[in-house]
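Subject: Structure for your files, with notes

Hello,

Here is the structure I said I would pass on. My notes on it follow below the entry.

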Amino acid sequence: MPAVAVALMWWYEGFWCKVFPGRADQRAIVEGLPLLPAGAANALLVAIGLAEVALGVWVLLGYRPYAAAVVQTVLVVGFNTGGLLVGSQHIPEPGRLVVQDLGFLALIWLVAARRTAPGPGRRDGAAQEVRAR
């Protein structure tokens, strides 16, 4: 269940918030990015959204769970830092955003740890993680 929750979060944030129908606050944040050419916000939002959907699939597949956790951590921290720096006026409760993301990051790392822990029911083992390197 934890992996499903993480994947659903990425799918919601990616597809619903950026691709269809898209949220005005996220669009406004991207439009405020410095050096972004005029008219490029929509294409960038769709690209980010589709990448987030793909990230959700990666989480469900369980392939290289620690690598997935690192990528997710970098993206969560990067997106939210960027949003707070260039679009804070579009984020109604920045403190809530940070607290929710700390919980999300904890869940991401829980999923990675469970996928590599020895024992019955594990979907992806440490041996697979080593073989993948």
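The buried residues of helix H2 pack against H1, H3 and H4. Here, buried means under 20% relative accessible area, exposed over 50% and partly exposed in between, with a 1.4 Å probe and protein chains only. Contact means heavy atoms within 4.5 Å. Helices (H or I, at least four residues) and strands (E, at least two) are DSSP runs, numbered from the N terminus. The residues of H2 in question are Gln-26, Ile-29 and Val-30. Looking down the axis of H2, these buried residues fall within an arc of 95°, so they line one face of the helix; the arc is that of the directions from the helix axis to the C-beta atoms. In general, an α-helix has 3.6 residues a turn, so residues three or four places apart point the same way. Ala-24 and Glu-31, on the other side of H2, are exposed.

This is a predicted model, in which local features need pLDDT of at least 70 and side-chain atom pairs count only at pLDDT 80 or more, while totals for chains, interfaces and linings use all residues. Residues are numbered from 1 along each chain as its sequence is written, and side-chain values use heavy atoms, with hydrogens and water left out.

Overall content

The chain has six helices and zero strands, in the order α-α-α-α-α-α along the sequence. Of its 133 residues, 29% count as buried. Among contacts with a separation of 6 or more, 70% are between residues 24 or more positions apart.

Leu-45

Leu-45 is in helix H3 and is buried, with a relative accessible area of 2%. Leaving aside residues up to four places away in sequence, Leu-45 touches Lys-18, Gln-26, Arg-27 and Val-30. Two of these, Gln-26 and Val-30, belong to the buried set of H2.

Helix pairs

Axes are lines fitted to C-alpha atoms, for helices over the stretch in contact, and angles run from 0 to 180 degrees between N-to-C directions. Angles under 35 degrees count as roughly parallel, over 145 as roughly antiparallel, 65 to 115 as roughly perpendicular and the rest as oblique. A crossing is left-handed if the near helix is turned anticlockwise from the far one by less than a right angle, and right-handed if clockwise. For residue classes, Ala, Val, Leu, Ile, Met, Phe, Trp, Tyr, Cys and Pro count as nonpolar, Asp, Glu, Lys and Arg as charged, and the others, Gly among them, as polar.

- H1 and H3: the axes are 8 Å apart and the packing angle is about 165°, so the two helices are roughly antiparallel. Their crossing is left-handed. Residues making the contact include Trp-10, Trp-11, Gly-14 and Lys-18 of H1 and Leu-45, Gly-49, Val-53 and Gly-56 of H3. The contact has 17 nonpolar, three polar and three charged residues.
- H1 and H5: the axes of H1 (residues 2–19) and H5 (residues 94–116) come within 9 Å and cross at roughly 135°, so this pair is oblique. The crossing is left-handed. The contact includes Val-6, Met-9 and Trp-10 of H1 and Phe-104, Ile-108 and Arg-115 of H5. By class there are 11 nonpolar, no polar and two charged residues.
- H4 and H5: the helices pack at about 170° with axes 9 Å apart, so they are roughly antiparallel. Among the residues in contact are Tyr-66, Thr-73 and Asn-80 of H4 and Asp-101, Phe-104 and Trp-109 of H5. The class counts are 16 nonpolar, four polar and two charged.

Backbone points to check in your viewer

- Phe-20 and Pro-21 are joined by a cis peptide bond, with omega about 0°. Pro-21 lies in the loop between H1 and H2 (24–31).
- Leu-35 is not a glycine but has a positive phi of about 70°. Leu-35 sits in the loop between H2 and H3 (41–61) and is exposed, at 87% relative accessible area.
- Arg-64, also a residue other than glycine, has a positive phi near 50°. Arg-64 is in the loop between H3 and H4 (65–86) and is partly exposed, at 24%.

Regards
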